[in-house]
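My notebook is open, and I am jotting down what I look up as I go. Have the model in view and follow along.

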Amino acid sequence: MSTLPIKLKIHYYGDAVLRRRSRPVEGVGPQEMQIFSQMEEVMRCAGGVGLAAPQVGLNKQLVIVDVGEGPVALANPRILKKWGSAVVEEGCLSLPGIYVKVRRARKIKVMGLNEKNEKIVMVAMDLLARALQHEIDHLRGRLIFDYANFFQKMRLKKRLKDLKARLHALCLPDCCRQAATK
Ligand SMILES: [Zn+2]
C-alpha cells in the first residue's frame, strides 16, 4: 500500500519527539504525500480527528485533520488570524485517557501547503478550527497537558505516571495492527 520504508505508529506522552519543535518541509513531494497518507490511516484506525507528524515520530511540520468533512492535510501551517474564543474539553491520541479543557480561538485563518504542494489560505470554524490549533500546537512541542491549571496538573501527573507505566502494554486497534504488519 505504502512504499515508505518505515511504518508510522503513534508516539505517546513521555517521548521526547513530542516536545521538540518541528522543522518546516521544503515542499510537499512524494515522501510527504506518503507520510500524509500513512498519518491519515493511523488517525482513522485510532479514531482521532487529527494527527501531527511528531505524534508518529517525525519532527516535520505536517498535520492532518478530519472532523467529518473530509481530510485536510497541511504542511508548514501558520495561523494568520484568530477570532473569538471558547473552552472545550480535548483529548489527544498521544495522551490516551487524559482530557483537558482548552481555551482556543473559535475561528482562524490558516495558510500552508496542501497535499498537492499548493499554497492555500483557509478559514476554519469551531471543531475544524480547534483541531487545527491542537495539531499546530504539536508542531511547537505543546500538548493539552500544558493548558491545565496548577491543581489539574497535580491530578493529571498522577494519571500520566500510570499512563507511562502502561505505555508498553498499550495495543493498537486491530485495523492498525493489520496495517502495520502488511
Ligand atoms: Zn494531540
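**Asparagine 76.** I began with asparagine 76, which I count as buried because it has 20 C-beta neighbours inside 10 Å. The cut-offs I use: buried means 20 or more other C-beta atoms within 10 Å of a residue's own, exposed means 12 or fewer, and partly exposed lies in between, with C-beta atoms placed from the backbone. Asparagine 76 sits in strand β3 (residues 72-83). Its phi is positive, about 50 degrees, although it is not a glycine.

**Ground rules.** I note that this is a predicted model, where local features need pLDDT of at least 70 and side-chain atom pairs count only at pLDDT 80 or more, while totals for chains, interfaces and linings use all residues. Residues are numbered from 1 along each chain as its sequence is written.

**Confidence.** I looked up pLDDT, the predictor's confidence in each residue, from 0 to 100. Its mean for the protein is 89, and 88% of the residues reach 70 or more. Over residues 177-182 it stays under 50, and the model has 7 contacts beyond four places in sequence for this stretch. A contact here means that two C-beta atoms, placed from the backbone, lie within 7 Å. Where pLDDT is low, the predicted coordinates should not be read in detail.

**Overall layout.** I find 4 helices and 7 strands. Helices are DSSP runs of H or I with at least four residues, strands are runs of E with at least two, and both are numbered from the N terminus. From that end the order is α-β-β-β-β-β-β-β-α-α-α. Of the 182 residues, 31% are buried. Among contacts between residues at least 6 apart in sequence, 68% join residues at least 24 apart.

**Helix α1.** Does the span of α1 (residues 30-46) agree or disagree with what its 17 residues should give? The expected span is 1.5 Å times one less than the number of residues. That gives 24 Å, and the end C-alpha atoms are 24 Å apart, so the two agree. I list the buried residues of α1 as Glu32, Ile35, Phe36, Gln38, Met39, Val42 and Met43. An α-helix has 3.6 residues a turn, so residues three or four places apart point the same way. After α1 comes glycine 47, with a positive phi near 75 degrees.

**The sheet.** I traced an open sheet of 5 strands, in the order β1-β2-β3-β6-β7, with antiparallel pairing. Two strands pair if DSSP finds at least two bridges between them. At the edges are β1 (50-52) and β7, each pairing on one side only. Neighbouring strands are turned by 35 degrees against each other on average, direction ignored. Antiparallel β1 and β2 (residues 62-65) are joined by 3 bridges, and alanine 52 stands opposite valine 63 in β2. Helix α1 lies across β1, β2 and β3, running at about 40 degrees to β2. For such angles, axes are lines fitted to C-alpha atoms, for helices over the stretch in contact, and values run from 0 to 180 degrees between N-to-C directions.

**The β6-β7 hairpin.** I see 7 bridges in the antiparallel pairing of β6 and β7, with leucine 113 opposite lysine 119 in β7. The hairpin has 5 residues between its strands, and asparagine 117 takes a positive phi near 65 degrees there. Asparagine 117 is partly exposed, because 14 other C-beta atoms lie within 10 Å.

**Cores.** Which residues touch the most other members of the largest nonpolar core? I define such a core as a set of buried Ala, Val, Leu, Ile, Met, Phe, Trp, Tyr and Cys residues joined through C-beta atoms within 7 Å. Of its 31 residues, Met39, Val56, Val63, Ile64 and Leu132 touch the most other members. The elements giving two or more residues are α1, β1, β2, β3, β6 and α2 (126-139). The largest share, 6 residues, comes from α2. A second, separate core of 6 residues includes Cys92, Leu95, Leu143 and Ile144.

**Glycine 97.** Last entry: glycine 97 is in the loop between β4 (86-90) and β5 (100-104). It counts as exposed because it has 10 C-beta neighbours inside 10 Å. Leaving aside neighbours within four places in sequence, glycine 97 contacts Arg159 and Leu163.
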